[in-house]
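Subject: Structure for your files

Hello,

Here is the structure you asked about, with the sequence alongside. My notes on it follow below.

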Amino acid sequence: MGNGGHPEKAKTTYREAMREALREALRADDRVFLMGEDVGRYGGCFGVSLGLLEEFGPERIRDTPLSESAFVGAGIGAALAGMRPIVEIMTVNFSLLALDQILNNAATLLHMSGGQLPVPLVIRMTTGAGRQLAAQHSHSLEGWYAHIPGIRVLAPATIEDARHMLAPALADPDPVLIFEHGSLYNAAGELAPSAVPVDLGHAVIRKPGTDISLITYGGSLPKTLAAADELAAEGISAEVIDLRTLRPLDDATIAASVARTHRVVIVDEAWRTGSLAAEISARVAEESFYELDAPVERVCSAEVPIPYARRLEEAALPQTADIVAAAHRAVD
């Protein structure tokens, strides 16, 4: 127990927090099971499900063949039959092999059946670059999925969200996609032992500020917070918004921030053209145009397949210095 009789926070990592969320879900509901490539005996490609096979057995921790279309389809079928499947896709790039299942079945069946066929499915996948995994494994395609009606798209950026987003995702009657940025798995920190409900409908202000709004999500949050610290040292007060949920977007939190700061930088690891950053920029223009004192700035990845070579990869991705430079363009 800590001071005043409060339980002490436990040191953990993003990976371990996600594993504990899976363990809690499996214990709480017999309908929940995990399926995907290497989730069982190998413990997950990124080690998230390590030890769960031994604890829950092969009926609930199911290794699948290397066919995303097949096992996502099986997950949809299980959800239709009353189960609560959690499907793990190794990386977002591979999810494109299941895009037909996600768009044409999971996202649309409730609508096309007149409300008779809900698909309470959770799909988890790793996204993002920065780990020298080359163009086959490194792209940020969350914005593509945020384009699709009928699904909810989540991007946990903190240990707390990794731990506590899964339960409300499983409770959602619609399909939920959870994008876990690969650079975050080793992120370490402290986690309060008590459950913290996560409101999937709202973004969260990670750092309040008055001079400029830095809007981001997922793996770009640490870089954006670092940029806010650099700006603070220069006397510029930056507010950092973590979107958390990419569909539906929390327009109200964004608009309220713009009304306070009157300047906006959007940080999005996806490509600039047709991006989530473009959508947010358009909404700011539609809803908060007369609040703006400077054009909206966007910091996105270079419009190239993500390179393998470390220095080229770093050059292609949004970095803290790029965010600081964009903020200066808006403020100066």
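Which residues of helix α5 (residues 99–106) are buried? In this predicted model, they are Gln101, Ile102 and Ala106. These residues lie on the same side of α5, because they cover an arc of only 95° around the axis. Among the elements that cover them are the helices α3 (68–80), α4 (92–95), α6 (109–112) and α7 (142–146). The strands β5 (122–127) and β7 (176–181) also take part in that cover.

The seven-stranded sheet

Strands β5 and β7 belong to an open sheet of seven strands, ordered β3-β2-β4-β5-β7-β6-β12. The pairing in this sheet is mixed. At its edges are β3 (61–63) and β12 (245–247), each of which pairs on one side only. From one strand to the next, the twist averages 20°. Helix α3 packs on this sheet and touches β2 (32–36), β4 (84–91) and β5. The direction of α3 makes about 165° with that of β4.

Within the sheet, β6 (residues 152–154) and β7 are paired in the parallel sense, over three bridges. Opposite valine 153 stands leucine 177 in β7.

An annotation from UniProt, in an unreviewed entry, reads "domain: Transketolase-like pyrimidine-binding" and covers residues 12–187. In the model, the end C-alpha atoms of residues 12–187 lie 9 Å apart.

The five-stranded sheet

There is also an open sheet of five strands, in the order β9-β11-β10-β13-β14, again with mixed pairing. Its edge strands are β9 (204–207) and β14, and each has a single partner strand, so one side of each is left without a neighbour in the sheet. Neighbouring strands here are turned by 25° against each other on average, with direction ignored.

Two of the pairings can be given in detail. Strands β10 (residues 212–216) and β11 (residues 238–242) run parallel and are joined by five bridges. Threonine 216 has aspartate 242 of β11 opposite. Strand β13 (residues 264–271) pairs with β14, also in the parallel sense and over five bridges. The bridge partner of valine 265 in β14 is glutamate 297.

Is strand β14 (residues 297–301) largely enclosed or left open by the rest of the structure? Four of its five residues are buried, so β14 is largely enclosed.

Cysteines

How many disulfides does the model have? The count is zero, where a pair of cysteine sulfur atoms would have to lie within 2.5 Å to be counted. Two cysteines can be described by their accessibility. Cysteine 300, which falls within the residue range of β14, is buried at a relative accessible area of 14%, because the cut-off for buried is under 20%. Cysteine 45, at 32% relative accessibility, counts as partly exposed.

Backbone details in the loops

- Arginine 247 and proline 248 are joined by a cis peptide bond, with omega about 0°. Proline 248 is in the loop between β12 and α11 (251–261).
- Aspartate 38 is not a glycine, yet its phi is positive, at about 65°. The residue lies in the loop between β2 and α2 (52–56). Aspartate 38 is partly exposed, with a relative accessible area of 35%.
- Histidine 262 is not a glycine either and has a positive phi of about 70°. Its place is the loop between α11 and β13. At a relative accessible area of 24%, histidine 262 is partly exposed.

Regards

Note on methods: Residues are numbered from 1 along each chain as its sequence is written. This is a predicted model: local features need pLDDT of at least 70, side-chain atom pairs count only at pLDDT 80 or more; totals for chains, interfaces and linings use all residues. Side-chain values use heavy atoms; hydrogens and water are left out. Buried means under 20% relative accessible area, exposed over 50%, partly exposed in between (1.4 Å probe, protein chains only). Helices (H or I, at least four residues) and strands (E, at least two) are DSSP runs, numbered from the N terminus. The arc is that of the directions from the helix axis to the C-beta atoms. Contact means heavy atoms within 4.5 Å. Two strands pair if DSSP finds at least two bridges between them. Axes are lines fitted to C-alpha atoms, for helices over the stretch in contact, and angles run from 0 to 180 degrees between N-to-C directions. UniProt positions are given in the numbering used here, feature names are shortened, and annotations may be inferred rather than shown by experiment.
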